[in-house]
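Please have the sequence and the structure in view while reading.

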Amino acid sequence: MTIKMVKNRRRSGDVSAALPFGRERAERVRMYHESFENYRTTGLMRLSGLAEQLGISALYVKDESSRFGLNAFKGLGGSYCIGRFIGERCGIPEEELSFPVLVSDRVKNEIQGLTFVTATDGNHGRGIAWTAKQLGVKAVVYMPKGSAAERLENIRALGAKAEITEYNYDDTVRFAAACEKEKGWVLVQDTAWEGYETIPAWIMQGYTTMALEAVEQLSGELPTHIFLQAGVGAMSGALSALFADYYKERKPKIVIVEPDRADSIYRTAEADDGMIRMVGGDLDTIMAGLACGEPCTLGWEMLRRYADYFVSMPDYVAAQGMRVLGNPVSGDPRVISGESGASTAGLVTELLRNDAYRSLREEMGLGPKAKVLCVSTEGDTDRENYRRIVWDGAYPHP
Ligand SMILES: Cc1ncc(COP(=O)(O)O)c(C=O)c1O
């Protein structure tokens, strides 16, 4: 039950590979998102009281719980990739894509009968179901065994056909991919593998909107450290690339965080031999959004270049993050954050409060001058578990 960390010895200062997720591209993606009626910039919370208690200079938490009314950031990727897919199908250039164009009669006629399929722990599927509903197309969503009933119902409530399978996350992805072949549906998966990269790249580009918002909300204030949680590593890969391009030589240290039961990216970095590592089995962690055993190839390409540290950590750290964010120091805003959402804030508090991790925090340079940015990528997407953790103290500090 300890936190493990490896340093990325292959980090690159050359930002040319980051450009597909860079600032210019992110600005265009955000324009697309702005064309959706309920697009709003999500809040960047300044937890000054907590920062003072932890002995650092600043702590910022980007709160994605209000994104598109979906309680998680994932709709950014789903909405952008489905838009781009329909755009290509109907011959609409990227710069002309917008919500009103996508729901125009001309497009509606051309995409009749289109069905999108995906596998999800919940958040991505909800984003796909929401987008499909907005655009009047069909969505079929498969979830791994053990998925929370609330997450399933949230997807069904948006009109998608959704089911919990008997497989773990990675096998559910394979099942959804097989449906594409058998049924002629379009797979919109938030992870890439060899031969399947166009749609995941659009999804990753979609995520960059939240990073662009965050850097603008910081109004010139430069974070020293950015903590990003990883499931397959698509989100953290895209955001690391955006930050690398945006900040160039001033890029903050980027720390990638995974549950120890599904730490394939950590293991890949630790092995450092150019081969991707996978984790199989039940991937039994409370951080459902991060319970993925096979890294996204495109995400890893960005992480190996632009991340600084990779961390593997036990569940209690995320539970602590949920309790800390939900019970703020006087004067700080409250952030309701789920298991995957609070993982990074939990790690920051544990590294700074537990002297067993003194050498880790010193190596990262996490001291009095540190200005830390975390993204709370979801709210209480599994409310029953949220209460078990925050009210009843489940997953206590060992
Ligand atoms: C809430 C939440 N945070 C973070 C992630 C991680 O994103 P990725 O799988 O791209 O690494 C997910 C993925 O589902 C998620 O649902």
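Predicted model: local features only at pLDDT ≥ 70, side-chain atom pairs only at ≥ 80, totals over all residues.

The side chains of lysine 251 and aspartate 308 form a polar contact at 2.7 Å.

**Lysine 251**
- Lysine 251 is found in the loop that joins helix 10 (234–247) to strand 9 (253–259).
- Lysine 251 counts as buried because its relative accessibility is 16%, and the cut-off for buried is under 20%.
- Apart from neighbours within four places in sequence, lysine 251 is in contact with Arg11, Phe243, Ala244, Tyr306 and Asp308.

**Ligand site**
- There are 16 residues around the ligand, and those that come nearest are Asn123, Gly231, Gly233, Met235 and Thr377.
- A ligand oxygen atom lies 2.7 Å from a polar backbone atom of glycine 231, and a ligand oxygen atom lies 3.1 Å from a polar backbone atom of alanine 234.
- In the side chain of aspartate 121, an N or O atom is 2.9 Å from an oxygen atom of the ligand.
- The protein buries 99% of the 390 Å² that the ligand exposes when taken alone.

**Nonpolar cores**
- The largest nonpolar core contains 100 residues, and Ile86, Phe116, Ile199, Leu239, Phe243 and Phe310 have the most contacts inside it.
- This core lies between domain 1 (4–73 + 200–390) and domain 2 (75–199), because both domains give residues to it.
- A second, separate core has 42 residues, including Leu47, Leu54, Met313 and Tyr386.
- Not counting residues up to four places away in sequence, isoleucine 86 touches Leu102, Val107, Ile111, Leu114, Phe116 and Leu135.

Key. Residues numbered from 1 in each chain as written. Heavy atoms only, no water. Core = buried A, V, L, I, M, F, W, Y, C linked by side-chain atoms within 4.5 Å. Buried < 20%, exposed > 50% of the residue type's maximum accessible area, 1.4 Å probe, protein only. Domains from an automatic or database assignment. Contact = heavy atoms within 4.5 Å. Near = heavy atom within 4 Å. Polar contact = N/O pair within 3.5 Å; in protein donor to acceptor, adjacent residues only side chain to side chain. Areas by Shrake-Rupley, 256 points an atom, 1.4 Å probe, with all protein chains shown as cover. Helix = DSSP H or I, 4+ residues; strand = E, 2+ residues; numbered from the N terminus.
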